[in-house]
Amino acid sequence: MEMYRSHVLVCAGAGCISSACKSVQSALLEHIEENGLTGEVKVVETGCMGPCDLGPVVMVFPDGVFYRRLKPEDAAEIVSEHLLKGKVVTRLLHRPAGNDKQVAGFDQLDFFKKQTRIALRNTGVINPESVEEYIARDGYRALGKALSQMTPAEVVEAIKESGLRGRGGAGFPTGLKWEFTARAPGHPKYVVCNADEGDPGAFMDRSILEGDPHSVLEAMAICGYAIGANRGYIYVRAEYPLAVDRLEIAIGKAREYGLLGDNIFGTDFGFDIEIRVGAGAFVCGEETALLASIEGKRGEPRPKPPFPAQAGLWGKPTVINNVETLANIPPVILNGPRWFAGIGTEKSKGTKVFALAGKVNNTGLVEVPMGTTLREIIFDIGGGIPAGKKFKAVQTGGPSGGCIPEDYLDTPVDYESLTKLGTIMGSGGMIIVDEETCMVDLAKFFLEFVQEESCGKCAPCRIGTKRMLEILERITAGNGRNGDIELLEELSAGIKNSALCGLGQTAPNPVLSTLRYFRDEYEAHIRDKKCPAGACQALLTYYINAKSCQGCGLCSKVCPAEAIIGEKKKPHVIDTDKCIKCGTCKQKCKFDAIITV
Amino acid sequence: MSLINLTIDGVQVQAVPGTSVLEAAGQAGIKIPTLCYLKEINEIGSCRICLVEVEGARTLQASCVTPVTEGMVVRTNTPEVRQARKLNLELIMSNHPQECLICPRSTNCELQQLAAELGISELRFTGAMSPYEPDFSSPSLVRDPRKCILCRRCVSVCENVQQVSAIAPQERGFDTVVAPAFLEPLGNAACVNCGQCALVCPTAAIHEKDQTGEVWAALADPEKHVVVQTAPAVRVSIGEMFGAEPGRVATGQLVAALRKLGFDRVFDTDFTADLTIMEEGSELIKRLQEGGTLPLITSCSPGWIKFIEHFYPDLLPHLSTCKSPQQMFGALAKTYYAQKAGIDPSNIFVVSIMPCTAKKFEAGREEMNGSGHRDVDVALTTRELGKMLKEAGIDFNSLAEEEYDSPLGISTGAGVIFGSTGGVMEAALRTAYELVTGETLPDLEFHAVRGLEGVKETSVNLNGTTLNVAVAHGLANAREILERVSGGQEYHFIEIMCCPGGCIGGGGQPIPTDREIRARRAAGIYDADRAMPLRKSHENPAVQALYKEFLGEPLGHKSHELLHTHYLARQKY
């Protein structure tokens with residue numbers, strides 16, 4: 001085996017790839033070669049390390065130095081200074097918000113320090129295209145242990161005992177799901193991995209698939225052994241081409257090494273996996289729609305019962321687990337269910353991966369023990385709200401979830417507490433909004449999304465969400481009517497109570513939760529025709545602050561409605577009757593003289 | 001099997017496992033409103049009207065797709081349930097044009113009826129409407145997506161009962177529309193025009209192409225000699241348009257009504273049904289004797305013909321070359337009848353009253369002009385005739401019975417039974433037996449080929465030769481038989497009808513048409529047969545005269561020109 005004195009880990013998660021990490025990597029390799037370090041320093045392309053906002057990011061081991069926002073031209077210095085002379089390049093280090101100094105070690109950064117990485121144990125650490133690196137990190141040992149030392153029933157029992165619950169949204173106990181399927185009559189049985197992650201702003205599953213694909217394959221094989229299935233399908237959305245590529249490489253390698261296929265580890269057990277690529281429908285994340293799609297039918301939910309455990313893929317008993325759920329399986333088997341159950345809260349065991357997005361300093365991917373408070377996640381790990389703005393709310397659970405206002409920031413995050421607050425854990429998206437976000441507009445955004453993504457099968461979801469959206473559209477356009485709030489409430493209750501599938505039943509949640517915590521904003525829009533956050537264009541009135549206006553005339557030049565008049569070098573005025581509220585003048589004004597009320 | 005005990009609205013109910021809550025409630029006399037539900041055909045829970053409260057369930061449940069479970073407690077009439085049903089109906093109505101007064105399904109619309117039943121008195125929700133325009137491209141059917149409530153009954157019928165799958169949901173969300181793939185016009189799709197979709201549509205989102213205007217115009221034209229033919233199945237269903245019980249035989253009133261409308265001659269398709277037996281029977285005997293392609297498969301049903309053309313073109317040589325009775329009639333009306341009556345055939349206008357929407361397509365097929373003219377000018381459905389009679393103020397049920405005109409109105413019981421599945425086979429057997437054996441049939445009713453079972457098989461001994469025959473109705477069953485034929489199963493003669501139940505269940509028949517109504521109409525057909533003095537096609541004196549005076553012999557040169565046709569291999573896509 002070749003030994004290297006230093007490893008340079010280059011994050012090649014989708015976020016870093018889009019900020020051009022590949023050219024940073026080539027530059028590093030070039031300079032390493034130029035400096036004759038090729039045999040001493042190994043550059044490893046890893047999956048997502050998490051702090052996406054800082055990309056491209058690189059970690060240099062053994063010292064664990066974390067460099068961020070690199071450009072190809074920084075490579076020379078990292079090689080000549082750090083790799084050759086052992087001197088950390090301070091200017092490329094991260095300075096967390098509120099710190100006055102740059103921090104070198106990744107383990108000194110709150111972002112990493114406060115995390116517990118189980119599902120993400122290998123993501124950002126190993127080369128996802130190398131099965132050897134996965135094996136070196138205990139990969140496939142759990143499968144070996146299950147096959148050689150445990151009966152299928154013991155595997156099911158271990159998963160039950162661990163308390164692991166589904167990470168895809170509803171939080172159903174994974175062990176129970178496996179048990180129902182194992183016991184269900186019918187053959188063959190199937191294991192399906194739901195990798196159709198689709199919540200806006202969520203990329204937990206994508207990062208695992210891209211960063212540690214073997215963990216999912218290993219878990220599926222363990223599940224197959226436990227329930228008596230020999231075939232698995234990964235249903236992954238077409239929008240994740242990198243994940244599909246890395247899965248394909250991983251499946252190929254696993255087959256080559258005998259970790260998939262017949263007689264795994266010399267036993268009678270055989271298991272193989274196929275990839276099915278989704279065609280871009282959010283509803284296919286719903287398990288019965290997903291199964292229909294694998295079967296080649298239109299991706300639409302069907303009524304339950306029967307549940308997939310009884311009649312799933314092609315009418316056969318089927319376990320459907322989400323990517324993150326599966327990524328937890330090998331460590332549970334390897335370290336034992338009690339170890340896992342020791343992490344988290346009473347009813348929510350283990351950790352949860354969250355994708356931080358929106359108005360937060362450290363957007364990216366984090367994994368924390370269940371029970372961590374929202375404040376810790378958003379302010380300690382997430383680094384708080386940028387630009388000195390005020391936190392307003394956090395939306396969890398994507399379009400099926402709801403928002404949580406500041407008063408509840410100390411809530412420990414687990415399935416039950418979030419439900420109590422009117423939202424859900426969901427798959428782990430966390431969108432943070434600040435004072436400049438209009439909550440009616442936010443609800444409208446999510447409703448637009450579900451409206452677009454409704455499969456169109458059942459009437460309440462297909463038409464009901466459309467009518468709700470139309471009401472929200474008129475409210476944010478300043479045409480809200482008395483009674484609109486009550487109409488929204490009635491429609492929400494009706495749709496929740498009567499839609500066919502989870503998508504429809506949860507579609508009104510963003511409206512209900514914003515109504516619960518921010519009803520006054522709705523009222524202001526309807527009654528006063530004002531948007532308190534100043535976000536709804538149609539409700540703004542534009543004025544020029546005469547004190548700041550220098551009379552440069554730029555605003556009047558760019559105004560498409562010819563609504564701004566004034567003499568040169570004298571304060572200008574906006575004719576509010578003519579103003580179409582497009583905001584161009586405000587954008588162009590160099591003196592911040594244009595204000596909105 | 002042990003029964004399942006449950007409570008519905010406080011009443012103890014027992015049901016067999018697998019029963020839905022909706023059915024169990026029905027058995028207990030509790031009515032739950034439904035809209036998308038169509039027993040055994042469309043049980044998908046999409047409209048969310050049949051909601052009920054099930055104790056312990058997180059949300060309300062669609063009773064049509066919720067199976068009963070032991071100890072289940074169901075409430076069908078709580079304020080919450082009623083409110084949810086009403087809200088969902090209001091939402092459906094908010095995307096439905098409020099055109100009831102000018103709608104072809106007015107007073108026979110399930111949506112209209114449900115709105116009345118649930119007491120909707122206000123349109124509280126307005127907003128965007130379905131963006132799709134009506135599709136007039138098909139010669140048989142009009143799709144009007146604006147009126148579609150996406151219950152998907154049509155999709156289920158087309159996909160499961162007929163296994164044609166010409167229409168399916170396209171797009172998604174509010175833009176979802178039932179249409180051919182890639183939103184192609186129906187006229188370009190592999191649609192067989194059977195109209196089963198129209199028969200199950202609760203609104204007017206799919207309906208027959210209305211051609212009553214053309215018929216009114218012909219009737220009003222003094223130059224035109226307008227003759228009409230009536231299909232066998234119409235006489236047992238037309239009464240339903242005027243409130244009569246399904247299956248009541250109203251042949252004489254039908255004739256009287258058509259005369260009142262102003263048709264110059266009222267003839268019967270049963271006449272050419274008898275003629276079909278002569279031609280097709282001869283074709284069968286010829287193929288048997290000369291080693292032609294067997295099994296021979298009937299060709300009366302235009303939906304079936306288009307089906308085999310699209311989906312099994314390799315098997316086209318099995319089809320009888322006989323035109324359907326409708327088309328034989330048209331060809332003879334413009335030749336034999338024209339000669340006899342001394343009328344210029346270009347002035348003869350042939351109208352047919354059919355239980356069928358595919359007949360409209362068939363009448364327009366390019367090759368259907370053996371007379372030198374278009375054989376049939378307009379094919380109307382039973383429903384269109386009903387409308388014309390209503391418009392003319394004809395009180396159908398009080399009409400005195402009248403007789404068909406001769407000679408094209410003279411028929412036997414064998415012609416009548418063409419209207420029901422198994423009828424063509426039975427009529428053929430009656431004639432073939434006597435022609436081959438030279439003996440009189442001891443019992444001319446072949447019960448093995450009657451009834452609503454999907455595929456029926458029997459064997460008949462003809463002078464020591466065993467004839468294996470099969471009958472299928474509904475295209476899923478047709479597919480099954482064709483697969484058996486392809487698999488080498490030995491048959492000699494097969495009857496296939498496109499629609500479930502045969503023509504009595506045709507896509508042009510009165511709405512509703514369900515399994516029970518089909519059975520009653522079939523019973524009417526066999527009543528009509530028994531009431532006929534002659535019950536074997538070869539005994540029809542008018543058919544005998546036709547051969548003597550005009551055609552010569554079955555399969556002769558004139559027959560070939562006027563009564564036989566050829567087929568076209570079509571694409572699936």
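Predicted model: local features only at pLDDT ≥ 70, side-chain atom pairs only at ≥ 80, totals over all residues.

Analyst: Residues are numbered from 1 along each chain as its sequence is written, and chains are lettered from A in the order in which they are written.

User: Why is B:Ile481 called buried?

Analyst: A residue is buried if 20 or more other C-beta atoms, placed from the backbone, lie within 10 Å of its own, exposed if 12 or fewer, and partly exposed in between. B:Ile481 has 22 C-beta neighbours inside 10 Å, and therefore counts as buried. Of the 573 residues of chain B, 54% count as buried.

User: What is B:Ile481 in contact with, leaving aside its neighbours within four places in sequence?

Analyst: Two residues are in contact if their C-beta atoms, placed from the backbone, lie within 7 Å; with those neighbours left aside, B:Ile481 is in contact with B:Val455, B:Ala470, B:Ala472, B:Ile494 and B:Ile496. B:Ile481 itself belongs to helix H15 (residues 475-486) of chain B, where a helix is a DSSP run of H or I with at least four residues, a strand is a run of E with at least two, and both are numbered from the N terminus.

User: What radius of gyration would a compact globule of 573 residues have, and what does chain B have?

Analyst: The radius of gyration is taken over C-alpha atoms, and the globule rule is 2.2 Å times the number of residues to the power 0.38. For 573 residues a compact globule would be near 25 Å, and because chain B has 25 Å, the value agrees.

User: What makes H6(A) roughly parallel to H10(A)?

Analyst: The axes of helix H6 (residues 141-149) and helix H10 (residues 213-227) of chain A come within 9 Å and cross at roughly 10°. Angles under 35 degrees count as roughly parallel, over 145 as roughly antiparallel, 65 to 115 as roughly perpendicular and the rest as oblique, so H6(A) is roughly parallel to H10(A). Axes here are lines fitted to C-alpha atoms, for helices over the stretch in contact, and angles run from 0 to 180 degrees between N-to-C directions.

User: Which residues of H6(A) and H10(A) meet?

Analyst: A:Ala142, A:Leu143, A:Ala146 and A:Leu147 in H6(A) meet A:Glu218, A:Ala221, A:Ile222 and A:Tyr225 in H10(A).
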